[in-house]
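Here are my notes on the model. Please read them with the structure open.

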Amino acid sequence: MSRAGGCEHLLCAGHERILQEIESTDTACVGPTLRSIYDDQPNAHKRFMEKLDTRIRNHDREIEKMCNFHHQGFVDAITELLKVRADAEKLMGQVTDTNRRLQEAGKEVTAQTEEVIRCRIQQRNMATTVEKLQLCIPVRVRGCVCLHRVSQYRFCQIMAENLPKLREEIKDVSMSDLKDFLESIRKHSDKWLGSIRLTVSCLSVLETFENYYRKQRKKQARLVLQPQANMHETVEGYRRYFNQIVGFFVVEDHVLHATQGLVTRAFTDELWNMALSKIIAVLRTHSSYCDDPDLVLELKNLIVIFADTLQGYGFPVSRLFDLLFEVRDQYNETLLKKWALVFREIFETDNYSPIPVETEEEYKVVVSRFPFHDAEIEKQSFPKKLPMSQSVPQIYSQVKEFIYASLKFSESLHRSSTEIDDMLRKSTNLLLTRTLSSCLQNLIKKPHIGLTELVQIIINTTHLEQACRYLEEFITNITNVSPETVHTTRLYGLSTFKDARHAAEGEIYTKLNQKIDEFIQLADYEWCMAESDGRASGYLMDLINFLRSTFQVFTHLPGKVAQTACMSACKHLSTSLMQMLLDSELKQISMGAIQQFNLDVMQCELFASSEPVPGFQGDTLQLAFIDLRQLLDLFMVWDWSTYLADYGQPNSKYLRVNPATALALLEKMKDTSKKNNIFSQFRKNDRDKQKLVETVVKQLRSLVNGMSS
């Protein structure tokens, strides 16, 4: 290697070393390193700068590679950070709000804590004071000084004279303190009481103090147990009542354990038994006045707390838990009254029309509130209508809300799942069989409920009946008690909705008949007309049109209901027409009127044969008018010989014509007046026909008399 090449190699190695020093050493030491470059060969610094540029470019490429490698992770981290920022701000707001509310809530706790600390200090000071005072007593007055042994001394004589006075003074002061104590605990028994220590003078008056204390405490107990007249109106009234009683017996328990002989366990038990009977009577009376379920629920919670508190002090409270069963019944009664109003409002605001659903979302909203499944309707395109009206999902939702409300009473009662399940099912049965059933029955009887509404009510009750099994599952999911359990109560909703549906069906028949009567009242026959108009009466055509449109609405009803309603209407129409014809106030009927009446009956028969409601076999519906048809045919054809000859025969042509009916109508037609009387023609043409009529009348009367005998 040439000398110049060796120098160049050394120079490059030196530059490499300098670059490593620059990269690895502190920036403060770079100066001497750079100075050495200029101390080397001429133009060495230019080669170093080239070397430095090359090194910088290498580092840039490495930095770029590293940045490219970590860039996506950096972008993802920034994106996540931006997403978290909104949640962090929301969380910060919640934390701030929670901290504020916690500080506000803690103010009362802090104040009460300070009060407790102050009371504890007072308690400790009182105990210390009493302890020190007892140590300061130099002698025991009772039995500790034998004055007779030193009676010869003059100071003993002075003591003997003054001790009785001192005893009386101590007794008076002690009695005064006892009275003050009793008065104090009477006023403040509903508040927290610190430790109380009573000391009785050892002056042979313990029995006096005991009797006085017990007598006064019994009086105070009666005052504490006397509730305010309006206690049932607010939860605070009940709370004050319970606090006074708890305070009273906490004091008694403390006195029992802090003193000797002043009270005994037998005394406190006697006092508690007396109080418990009074408490139960008071709660039973006042809870019966309450019609607010929320207040009754609060009362239940107070009774539970009250019982648990006194049970902790050793007082028996089983009778209080027995009382809770009565309060539960009262709670259920208030719930039933509340839900009766809810049901009435739902029925009053219902439009009694099928529920229209425009979109899939609306359909999902409805079926989320009510378990409706119909494959045919689900296949239909939107918009479409569901068969029930809006009251159905509302009623179903409210029954579930009632179950939740009823469940609240079972909380904290330490009852098994089976007992809770039984209570829920019984209360729900009361809701269905009594409250909802009554509301449905009242709704059906309301005068503004027409035939269309009654039809919708029948459809609604059908769907509610089908939904009862889902209510069973709902209760099962809450209590985790299988409905197959031996003693599980079943829901009686099926009978409720069946009864309501039958009532609605009966009301349909009644209202349909009433509507028919309204049309019949519009009839205005000219009973003495010479001949008919040749067309049916207007009132009857209007009636038939009404029946036809009404029965079209019945297409959504079960087939049997629609058929029964149609048959009932036709029979009622037939009976009404017959009664009109035989009305006792109608004295005279011409053949022309009979002909006109026959045209109207023919329209009725045509209506019956048109199958207004599907499902009738043959001419079943037409048979509703068979009595009228045979009677009118008898008079239109004047076929008395056949009638009289075949009377009583099972295959008689006029089998449905009663002799009394025929006689009554014939009497109206043979009026002796000449005006529009068919017999005027008979007398002109053949007087023998008049005799024939008289003969028919006699024979009919004979048949009628034979029937009556």
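1. Start with Phe 249. At a relative accessible area of 2%, Phe 249 is buried. Bear in mind throughout that this is a predicted model.

2. What is the geometry between Phe 249 and Phe 315? The ring centres lie 5.4 Å apart and the planes meet at 70 degrees. Planes over 60 degrees apart count as edge-to-face, so this pair is edge-to-face. Phe 315 is buried, with a relative accessible area of 2%.

3. The Phe 249 and Phe 315 pair links distant parts of the chain. Phe 249 belongs to helix 6 (residues 235–258). Phe 315 sits in the loop between helix 8 (293–312) and helix 9 (318–349). The two are 66 residues apart.

4. A second pair to check is Trp 638 with Trp 640. Their ring centres are 5.8 Å apart, with the planes at 90 degrees, so this pair is edge-to-face. Are the two partners buried or partly exposed? Trp 638 is partly exposed, at a relative accessible area of 22%. The cut-off for buried is under 20%. Trp 640 is buried, at 5%.

5. One aromatic cluster is formed by Tyr 241, Phe 242, Phe 248, Phe 249, Trp 272, Phe 306 and Phe 315. Both Phe 249 and Phe 315 from point 2 are therefore members of this cluster.

6. Two charges over rings deserve a look. Arg 217 places its charged end over the ring of Phe 248, 3.8 Å from the ring centre. Phe 248 is also one of the cluster residues. Elsewhere, Lys 384 lies over the face of Phe 382, with 4.3 Å to the ring centre.

7. Helix 22 (residues 659–669) is mostly covered. How many of its 11 residues are buried? The number is 8. They are Pro 659, Thr 661, Ala 662, Leu 663, Leu 665, Leu 666, Lys 668 and Met 669. Note that a lysine, Lys 668, is on that list.

8. The N-terminal end of helix 22 has a cap, Asn 658. A side-chain oxygen of Asn 658 lies 2.8 Å from the backbone nitrogen of Ala 660.

9. Last, Thr 550. This residue lies in helix 17 (residues 538–553). Its relative accessibility is 7%, so Thr 550 counts as buried. Leaving aside residues up to four places away in sequence, Thr 550 touches Leu 451 and Leu 512.

Conventions. Residues are numbered from 1 along each chain as its sequence is written. This is a predicted model: local features need pLDDT of at least 70, side-chain atom pairs count only at pLDDT 80 or more; totals for chains, interfaces and linings use all residues. Side-chain values use heavy atoms; hydrogens and water are left out. Helices (H or I, at least four residues) and strands (E, at least two) are DSSP runs, numbered from the N terminus. Buried means under 20% relative accessible area, exposed over 50%, partly exposed in between (1.4 Å probe, protein chains only). Contact means heavy atoms within 4.5 Å. A polar contact is a pair of N or O atoms within 3.5 Å; within protein, one must be able to donate a hydrogen and the other to accept it, and residues adjacent in sequence count only if both atoms are side-chain atoms. Rings of Phe, Tyr and Trp (its six-membered ring) pair if their centres lie within 6.5 Å; planes under 30 degrees apart count as stacked, over 60 as edge-to-face and the rest as tilted. A charge sits over a ring if NZ of Lys or CZ of Arg is within 6 Å of the ring centre and within 35 degrees of the ring normal.
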